Amino acid sequence: MAPPSYSDLGKQARDIFSKGYNFGLWKLDLKTKTPSGIEFNTAGHSNQESGKVFGSLETKYKVKDYGLTLTEKWNTDNTLFTEVAVQDQLLEGLKLSLEGNFAPQSGNKNGKFKVGFGHEYVKADSDVNIDLKGPLINASAVLGYNGWLAGYQAAFDTQQTKLTTNNFALGYTTKDFVLHTSVNDGQEFSGSIFQRTSDKLDVGVQLSWASGNSNTKFAIGAKYQLGDDASVRAKVNNASQVGLGYQQKLRDGITLTLSTLVDGKNFNDGGHKIGVGLELEA
C-alpha cells in the first residue's frame, strides 16, 4: 500500500477536530446512487448568523473497465466544475486527470492538469494550471518505510520564476498511533498526534506556532463511540473554546449530528454557536 499524499499527512488527527461539527450551520447532505452506477451528492447549508443559503450538486460516473471517472459539480454561486480522471491504465498506480472551473456570470474560467503516482514506498502528486501567461506548478512527494513518512511540497510560479511554497513534513504511523510534524516556508511549525487508545476512544492533539510570533496554538480532542449507532465528540483549545458533538444513526442511511461551540472566555456574553446536520444516503 502506497503512503498517503502530502495533503493527507496527519489527516487522522485533523478529522478528530473537524468531522462531526457544524458550528453555526443548519446542514443537509443527501447521497444517492442509481442502478446504472451514477452517484449523486446533494449538499446544502444555511448560515445561522447571515441567513445565507449555499447548495451544491455533484454527479460522479465510473467506467470501471477503463478506469475512467467523470465528475461534475454545480453550486449556488453558479460555478461549474468538471473533472475527467483515468486510473491504473497506462501504469499501475498512475492517475491522470483534467479539471476545469467556469463561472458563467463573470466569465472566469480556469483549468488544471494533474498527475498522481502511488507505489509501495512513494506517493507523488503534481498539477499544472492552464495559463498561457505562465502556469503555477505544484508538486509533492511522500516517502514511506517501516512506518516512517517523509514529505516535501513545493510550488513554482513560472511568471515570477520563483518558488512560492516550500514545505517539509515528517511523521511516524502505526495502526493505532500517528505522529505528524511539518514546517511551512521555514516560518510556520505544526505537529499533531493521533492515538486510538481503545476500540471506542480516539484522541488527537494539535500544536502550531510561527516564527516571530509568541502565540502558540494548542488543542486536544477526542471521539468516543457509545455503540454501533452513536458517538460523542469533544475538543478544547488554548483560546478556551469548547466544542461538543453528538452523532446518532437513526436508521440505515439516516444520521443526525448535533454540535455546539462554547466561548469559555466570554461565557456570560453569549455568542455561542450550535449546529445541526442531517445525512441521508440511499
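**Figure 1. The largest nonpolar core has 6 residues.** Welcome to this predicted model. The members of this core are Ala13, Ile16, Phe17, Val178, Phe194 and Ala219. Helix H1, which covers residues 11-18, gives the most to this core, with 3 residues. Apart from this core lies another one of 5 residues, including Leu9, Val142, Leu149 and Ala169.

**Figure 2. Ile16 and the residues it touches.** Leaving aside residues up to four places away in sequence, Ile16 touches Tyr21, Phe194, Asp202, Gly204, Gly221, Ala222, Lys223 and Arg233. Another contact of Ile16, Asp202, returns in the next view as a salt-bridge partner of Arg196.

**Figure 3. Arg196 and Asp202 form a salt bridge.** Side chains of opposite charge can pair when their charged atoms come close. For Arg196 and Asp202, the closest N and O atoms are 2.8 Å apart. Is Asp202 buried or exposed? Asp202 counts as buried because its relative accessibility is 11%, under the 20% limit. Arg196, in contrast, is partly exposed, with a relative accessible area of 39%. A search of the whole structure finds 7 salt bridges.

**Figure 4. Glu58 and Lys73 link distant parts of the chain.** Glu58 sits in strand E3 (residues 53-63), while Lys73 belongs to strand E4 (residues 68-75). The two are 15 residues apart. In their salt bridge, the closest N and O atoms are 3.8 Å apart. Lys73 is partly exposed, with 37% relative accessible area.

**Figure 5. Further salt bridges, including a network and the pair Lys249 and Asp252.** Lys249 and Asp252 meet through their side chains at 3.4 Å, N to O. Asp252 is exposed because its relative accessible area is 68%, over the 50% limit. Lys249 counts as partly exposed at 33% relative accessibility. Elsewhere, a network of salt bridges links Lys11, Asp15 and Lys19.

**Figure 6. A nonpolar patch on the surface.** Take a look at Leu207, Trp209, Phe218, Ile220, Val236, Val242 and Leu244, which together have about 540 Å² of accessible area. Which strands each supply at least two residues of the patch? They are strand E14 (201-210), strand E15 (216-225) and strand E17 (241-251). Phe218 lies in strand E15 and counts as partly exposed, at 39% relative accessibility.

**Figure 7. Thr260 in strand E18.** This strand spans residues 254-263. Beyond residues up to four places away in sequence, Thr260 touches Phe23, Val242, Gly243, Leu244, Lys273 and Ile274. Val242 and Leu244 also belong to the nonpolar patch. The side chain of Thr260 reaches the backbone oxygen of Lys273 at 3.0 Å. Thr260 is partly exposed, with a relative accessible area of 22%. From Thr260 to Phe177 there are 83 residues in sequence and 28 Å in space, C-alpha to C-alpha.

**Figure 8. Ser97 in strand E6.** Strand E6 runs over residues 94-103. Is Ser97 buried or exposed? Ser97 is buried, with a relative accessible area of 6%. Not counting residues up to four places away in sequence, Ser97 touches Glu83, Val84 and Ala85, as well as Lys112, Phe113 and Lys114.

Notes: Residues are numbered from 1 along each chain as its sequence is written. This is a predicted model: local features need pLDDT of at least 70, side-chain atom pairs count only at pLDDT 80 or more; totals for chains, interfaces and linings use all residues. Side-chain values use heavy atoms; hydrogens and water are left out. Patches are made of residues with over 30% relative accessible area and no salt bridge: like charges are joined within 9 Å, nonpolar side chains (Val, Leu, Ile, Met, Phe, Trp, Tyr) within 5 Å. Accessible areas come from the Shrake-Rupley method with a 1.4 Å probe; for residues, only the protein chains shown count as cover. A salt bridge is a side-chain nitrogen of Lys or Arg within 4 Å of a carboxyl oxygen of Asp or Glu. Helices (H or I, at least four residues) and strands (E, at least two) are DSSP runs, numbered from the N terminus. Buried means under 20% relative accessible area, exposed over 50%, partly exposed in between (1.4 Å probe, protein chains only). Contact means heavy atoms within 4.5 Å. A polar contact is a pair of N or O atoms within 3.5 Å; within protein, one must be able to donate a hydrogen and the other to accept it, and residues adjacent in sequence count only if both atoms are side-chain atoms. A nonpolar core is a set of buried Ala, Val, Leu, Ile, Met, Phe, Trp, Tyr and Cys residues joined through side-chain atoms within 4.5 Å.
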